[in-house]
Amino acid sequence: MRILAIETSCDETAIALLEAKGGINRPFFRVIKSLVSSQIKIHAPFGGVVPSLAKRQHLRNLPLLLEKVLGKDPFSQKQQIEKIDLIAVTVGPGLEPALWTGISFAQQLSQEWKKPLAGANHLEGHLFSFLLSSKFFDKKKSESLKNYSLKLWFPAISLIVSGGHTILVLLKNLKNYQKIGETLDDAVGESFDKVARLLGLSYPGGPEIERLAKKGNAQAIAFPLPMISQKNFNFSYSGLKTAVLYYLRDLNMSTKENNHNFWKPGAFKINPSLRQDIAASFQRAAFLPLVKKSSLAALKYQAKSIFLGGGVAANKKLAQMIRKEIKDRKIKANLVVPPLSYCLDNAVMIGVAAYLNKLSKKKYPLKANGNLNL
Ligand code: KG4
Ligand code: ZN
């Protein structure tokens, strides 16, 4: 089955063309093309994603990306279109105006080309993106390994960490999964973006903080470790970002003209080495609960693996900390991390989720749902 997948839930416009075959116990994917057009530069001056600007950019980018995927020549375009069996589009969660641009575009194509259309859940995209890791997928050939076995990897714990979500999931197989915990307030990626703003770093904050943290002392400042000792699988990140704010405020580093709005970029004048220590200490405090709770879940459910997914999974330190915890506590689970391009938002994972839904006969209404969950 050849799938054209479309993703517009936030600030990346993405289209992918992929082939999928096989059953729910051993699906096989081949990525023919995957394009992502990032809007980071447009949103960076505002310190976050502006929904109306995102919508405008998606509207502009979608036809351009489609032409790049199908080729310019009308004859070969027609040939490409003929081969497509399914159009898949993200219906949520995300910014509804942004989601609608993708859904309407997909609906137009579906009518014009007379092809079936399926809605997909962005979070299932992140959840199933472990299938694109080197354990299951040959990056060079851009296709699934010929004879991998999923049996050896289940049950599994999946940690989805993105700008909008922080979720722990227990997977029995690709069809049966259940959420076992999530954040009660901010998402971990959101806390990276907000703390980056306090530190005067550009949006998105995750990569910037990771870069600075490498040079800082993670033990320098004892920020609170949200919910770490509670025996459940939930998280909380709003207190941590406030703790960083209070720490900076109490150092009296706010500039005079900004001392009423600490969130304004440049509100604090921080010397570079302190900024590195704050980045490292914050990152440690943000990751420790993720590390502890995912390994606790792996122990409780005797998981054979821990899968990571979502933008924050692109952070090398997170994987390093989880690997160390697994080793120190002698947990018999392997960590699986998708390559960077499949941790961040992309359309391949949407095609993968749509195919798996088709196999398990699961359907999503073709309607933007900003609050869709797992
Ligand atoms: O999955 P994603 O691309 O979009 C959402 O579905 O939200 O995740 C974006 C989030 C942002 O909050 C960004 O700051 C964070 O992922 N992120 C990182 C890193 N790269 C991206 N966080 C920590 N370290 C990174 N290297
Ligand atoms: Zn995402």
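**Entry 1: Two cis bonds**

I began with Pro93, which I found in the loop between strand S4 (86–92) and helix H4 (96–113). I must keep in mind that the model is predicted. The peptide bond from Gly92 to Pro93 is cis. I noted an omega near -10 degrees for this bond.

Then I looked for another such bond. Tyr203 and Pro204 are also joined by a cis peptide bond, with omega about -5 degrees. Pro204 has its place in the loop between H6 and H7. I wrote both bonds down because most peptide bonds are trans.

**Entry 2: Positive phi**

Next I checked phi. Most residues other than glycine have a negative phi. Which value does Ser142 have? I read a positive phi of about 60 degrees, although Ser142 is not a glycine. Ser142 lies in the loop between strand S6 (137–138) and strand S7 (143–144).

Met227 went on the page too. Its phi is near 55 degrees, which is positive, and Met227 is not a glycine either. I located Met227 in the loop between H7 and helix H8 (238–250).

**Entry 3: The whole protein**

I listed 12 helices and 12 strands. The C-alpha atoms fill a box of roughly 65 × 50 × 35 Å along the principal axes.

Why does the radius of gyration agree with that of a compact globule? A compact globule of 374 residues would have a radius near 21 Å, and the protein has 21 Å, so the two agree.

**Entry 4: Around ligand 1**

I turned to ligand 1. The space that ligand 1 takes is the largest pocket. I found 19 residues around ligand 1. Gly163, Asp193, Glu210, Gly311 and Asn315 come nearest.

What kinds of residue make up the shell? I sorted them into 5 nonpolar, 11 polar and 3 charged. Helix H5 (122–128), helix H6 (188–198) and helix H7 (205–213) each supply at least two of the shell residues. H7 gives the most, with 4 residues.

**Entry 5: Contacts and cover**

A polar backbone atom of Gly206 is 3.1 Å from an oxygen atom of the ligand. For Gly311, a backbone N or O atom lies 3.0 Å from a ligand oxygen.

How much of ligand 1 does the protein cover? I noted 90% of the 550 Å² of accessible area that ligand 1 has on its own.

Definitions and conventions
Residues are numbered from 1 along each chain as its sequence is written. Chains are lettered from A and ligands numbered from 1 in the order in which they are written. This is a predicted model: local features need pLDDT of at least 70, side-chain atom pairs count only at pLDDT 80 or more; totals for chains, interfaces and linings use all residues. Side-chain values use heavy atoms; hydrogens and water are left out. A residue is near a molecule or strand if one of its heavy atoms lies within 4 Å of it. A polar contact is a pair of N or O atoms within 3.5 Å; within protein, one must be able to donate a hydrogen and the other to accept it, and residues adjacent in sequence count only if both atoms are side-chain atoms. Accessible areas come from the Shrake-Rupley method with a 1.4 Å probe; for residues, only the protein chains shown count as cover. On a 1 Å grid over the protein atoms alone, a cavity is a set of points where a 1.4 Å probe fits but cannot get out, and a pocket is an open set with protein on both sides within 12 Å along at least five of seven lines; lining residues have an atom within 4 Å of a point. A molecule sits in a cavity or pocket if more than half of its atoms lie within 2 Å of its grid points. Ala, Val, Leu, Ile, Met, Phe, Trp, Tyr, Cys and Pro count as nonpolar, Asp, Glu, Lys and Arg as charged, and the others, Gly among them, as polar. The radius of gyration is taken over C-alpha atoms; the globule rule is 2.2 Å times the number of residues to the power 0.38.
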